[in-house]
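Subject: Structure handover

Hello,

Here is the structure I said I would pass on. Please open it beside this email and follow along.

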Amino acid sequence: MKASLALWTLPALDFVAVQLLLLLCPLLQLQEPQAIIWISSLARLGFLAVTSQAICAVWGLPAWLGREVLLLCVTLLSLLLPCYTTLTSFIDPQATAEILCGWGRSDVLVITYLITVVVAVLWQNFSPFENESEAKGQPSASLGKLLSCLTPYGGRFLVVAILVVVSSLGEMAIPYYTGQMTDWIMNEENPSAFGTAILTMSLLTIGSAVTEFLCDSLYNVTMSLIHMGIQSRVFRSVLQQEMAFFDTAQTGDITSRITADTQAMSESLSEKLSLLMWYLMRVTFLYLFMMKLSWKLSLFTLLVLPVIMVIPKLSGTFYEELSFQVQASLAQANQAASETLSNMKTVRSFAGEEEEAERYGGRLNETYLLNKKESVAYAGFMWTNSLSGLALKVGILYYGGQLVTAGYISSGDLVAFVLYELQFTSAVEVLFRMYPDVRKAVGASEKIFEYMDRSPRIAATGNLVPEIFKGHVTFQNVTFAYPSRPDTPVLKDVSFQLRPGEVTALVGPSAAGKSTCVWLLERFYQPQAGKILLDGKSIWEYEQKYFHSKVALVSQEPVLFGRSVRENISYGLGDLPLDDVITAAKYASAHGFITGLKDGYQTDAGEKGGQLSVGQKQRVAIARALLRDPQILILDDATSALDTETEHLVQTAVYNSSQHRTVLVIAHRLSTAEQADRILVLEGGQITEEGTHQELLEKGGSYSRMVQKQLQGFQKDSTNDEEGQEKHV
Ligand SMILES: Nc1ncnc2c1ncn2[C@@H]1O[C@H](COP(=O)(O)OP(=O)(O)OP(=O)(O)O)[C@@H](O)[C@H]1O
């Protein structure tokens with residue numbers, strides 16, 4: 001506020017300086033008015049530069065004004081008049097005499113200020129260079145990046161450009177011939193020329209329409225190719241991201257970027273960018289033809305043009321901001337809907353339908369409110385646009401009429417000019433009406449490029465593919481906190497080993513960090529301190545595909561895909577023989593229930609495996625892991641949903657098949673851990689005990705207490721059962 005007020009002192013000081021210069025200049029006793037105006041203007045420039053810098057240094061600049069824009073204003077204020085008088089004196093010395101003598105007049109100063117303000121606003125908003133506010137992280141135009149997506153199709157765009165030029169030129173000829181005809185009709189010199197002009201006009205119109213059709217078709221086909229390419233690049237890039245990215249980004253947001261944002265962008269690009277290109281070409285040609293007819297009228301049009309540019313731009317910026325907010329709010333609504341639909345069972349079991357519907361309705365209402373604002377902003381933008389265009393038309397007709405009366409141009413030329421000018425103005429109007437839409441595409445593309453250009457914080461760039469892989473895992477003083485909660489360490493200086501041919505069980509209370517050890521071993525995250533080694537080498541040194549062919553995980557909540565059971569088991573391995581799939585399924589005790597399904601191995605598992613029970617899903621997931629014949633097998637509470645008998649069968653199969661394999665089992669049921677060769681107890685992110693079941697029981701520490709608690713739990717359960725039965729009897 002202080003800075004804005006201080007800035008207003010600049011015009012006041014400028015006014016005083018001009019008055020002083022007007023008093024001082026006669027003292028120089030110069031005869032040449034051009035010399036007087038240049039000397040005074042340079043002195044004014046020096047004064048304004050020093051004063052503006054001083055104001056900047058003391059009060060600083062207001063947020064809406066860039067330093068380079070202030071410099072531009074100072075230069076324009078001082079040098080606009082001398083430059084104008086010098087240039088026009090070459091063309092018409094009489095016209096400049098009046099300004100030279102009265103350069104300090106208040107009306108001249110006011111006009112200079114008006115032009116300066118218009119140019120400054122244009123520069124601030126349209127400058128091709130990055131301004132300070134953008135550098136501070138506001139959404140910046142990603143036009144360059146967008147264009148880089150178009151470059152592989154350069155050849156096609158060249159053909160489109162040629163077709164645009166040909167078609168535009170065809171259109172340009174029509175007003176020209178209309179003007180010619182007006183002159184011919186008025187002079188009645190060559191009546192046969194009338195027919196020739198009509199024929200030429202018809203041919204050119206047909207030619208222009210045909211090229212326009214070809215151009216549109218080629219352009220739209222190319223744009224859908226680009227859309228497809230961008231969508232698959234974004235998806236690919238998202239898949240490369242580290243796990244922490246998926247912890248923080250909402251699935252609905254990511255999906256919305258891949259689908260809705262790319263859709264919005266490519267729609268705007270295919271419709272609006274083609275029109276933009278078309279109208280830009282048209283504007284250029286129209287202006288050239290207008291210049292040919294009357295440079296004065298063309299110059300007049302150009303001078304008034306900034307007025308019709310600034311107003312739509314201002315309302316366009318507001319509209320653009322709103323459309324950005326609408327998109328963000330829509331993504332949130334989508335997120336609410338997809339979260340509810342993907343957790344339908346939980347919603348139903350807690351009778352949360354009404355609450356979820358209200359939540360979704362609330363989000364949609366927010367979007368609706370923003371949409372309302374956006375519509376009003378759009379209407380305002382259109383209104384200001386047409387009003388400013390109308391003012392320009394009236395001005396041109398008035399000035400053109402005067403030029404005809406003065407004999408500068410013929411009536412035919414004025415008719416042709418007015419026709420060109422009408423097209424020119426509507427083309428400029430269309431350009432500015434479309435501008436927010438193209439910005440909208442750029443806005444949507446910014447979000448897309450944010451994903452597309454994002455480099456994963458953790459990249460698996462290793463290339464180690466040893467022929468002999470034993471699978472000896474070493475956790476060496478590992479300390480880790482999740483990136484989303486950097487201040488809460490989950491693992492603290494954890495060290496242990498998993499040996500080939502051994503089954504190691506990791507047990508401990510809930511939230512002790514057991515699954516976290518698995519995620520680290522799977523390379524989903526990187527520890528802040530310590531190392532995880534595989535056969536003595538860091539896990540990050542191994543090549544991505546090789547690593548995951550050697551390390552297989554069956555997680556706590558097995559995830560299946562909406563494909564056949566067979567495809568789910570052979571996921572990631574391509575088209576494997578059915579016999580291999582069956583062997584793995586048998587090991588996992590899944591073959592029996594699979595053959596009992598309606599279509600056997602071809603049965604669809606449903607979305608996220610929803611058509612199978614949790615226990616069935618767990619067995620399919622174990623079969624999927626065993627089919628890879630991994631050297632390291634991790635079972636993270638992978639048999640929790642199985643009955644005791646099936647669990648025993650699966651465990652025996654897994655343990656028997658692991659003579660050379662390294663197996664890590666995480667289990668809440670301690671009976672599962674009992675058979676393991678070694679048991680590690682993890683508590684509060686630290687390994688507190690290590691040994692066999694027997695050793696740990698004898699030690700009488702946490703493990704034995706946990707076993708006792710579970711046993712007591714079972715006894716209590718069975719006592720309750722017996723009591724219940726007695727009561728029942
Ligand atoms: N993606 C995540 N981002 C932030 N914190 C997490 C994340 N996953 C787990 N945590 C936190 O890390 C801690 C350890 O979780 P972890 O899942 O490793 O425990 P656990 O021992 O496997 O528990 P359980 O036996 O209940 O599965 C918990 O406090 C949990 O809230």
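What follows is a short account of what was found in it.

This is a predicted model, so local features need pLDDT of at least 70, side-chain atom pairs count only at pLDDT 80 or more, and totals for chains, interfaces and linings use all residues. Residues are numbered from 1 along each chain as its sequence is written.

The whole chain

The protein chain has 26 helices and ten strands. Helices (H or I, at least four residues) and strands (E, at least two) are DSSP runs, numbered from the N terminus. Of the chain's 729 residues, 30% count as buried. A residue is buried if 20 or more other C-beta atoms lie within 10 Å of its own, exposed if 12 or fewer, and partly exposed in between, with C-beta atoms placed from the backbone. Among contacts between residues at least 6 apart in sequence, 78% join residues at least 24 apart. Two residues are in contact if their C-beta atoms, placed from the backbone, lie within 7 Å.

Annotated spans

The unreviewed UniProt entry places the feature "transmembrane region" at several spans, including residues 42-63 and 69-87. Positions from UniProt are given in the numbering used here, feature names are shortened, and annotations may be inferred rather than shown by experiment. In the model, residues 42-63 are 82% helix and 0% strand, with end C-alpha atoms 29 Å apart. Residues 69-87 are 100% helix and 0% strand, and their end C-alpha atoms lie 25 Å apart.

Two helix pairs

Helix 2 (residues 9-24) packs with helix 3 (residues 33-59) at an angle of about 150°, their axes 10 Å apart. Axes are lines fitted to C-alpha atoms, for helices over the stretch in contact, and angles run from 0 to 180 degrees between N-to-C directions. Helix 2 is therefore roughly antiparallel to helix 3. Angles under 35 degrees count as roughly parallel, over 145 as roughly antiparallel, 65 to 115 as roughly perpendicular and the rest as oblique. The contact includes L10, L13 and A17 of helix 2 and A43, F47 and L48 of helix 3. Its residues divide into nine nonpolar, four polar and two charged. Here Ala, Val, Leu, Ile, Met, Phe, Trp, Tyr, Cys and Pro count as nonpolar, Asp, Glu, Lys and Arg as charged, and the others, Gly among them, as polar.

Helix 20 (residues 578-587) and helix 22 (residues 614-627) pack at about 125°, with axes 8 Å apart. These two helices are therefore oblique to each other. D580, V581, A584, A585 and Y587 of helix 20 meet A623, L626 and L627 of helix 22. That contact has seven nonpolar residues, no polar ones and one charged.

After helix 22

D629 lies in the loop between helix 22 and strand 7 (632-636). Its phi is positive, about 50°, although D629 is not a glycine. D629 is partly exposed, with 14 other C-beta atoms within 10 Å.

Around helix 17

Is helix 17 (residues 514-521) largely enclosed or open? Six of its eight residues are buried, so helix 17 is largely enclosed by the rest of the structure. The buried ones are K514, T516, C517, V518, L520 and L521. A511, in the loop between strand 3 (503-507) and helix 17, is exposed, with 11 other C-beta atoms within 10 Å. Phi of A511 is positive, near 65°. R523, which follows helix 17, also has a positive phi near 65°.

Regards
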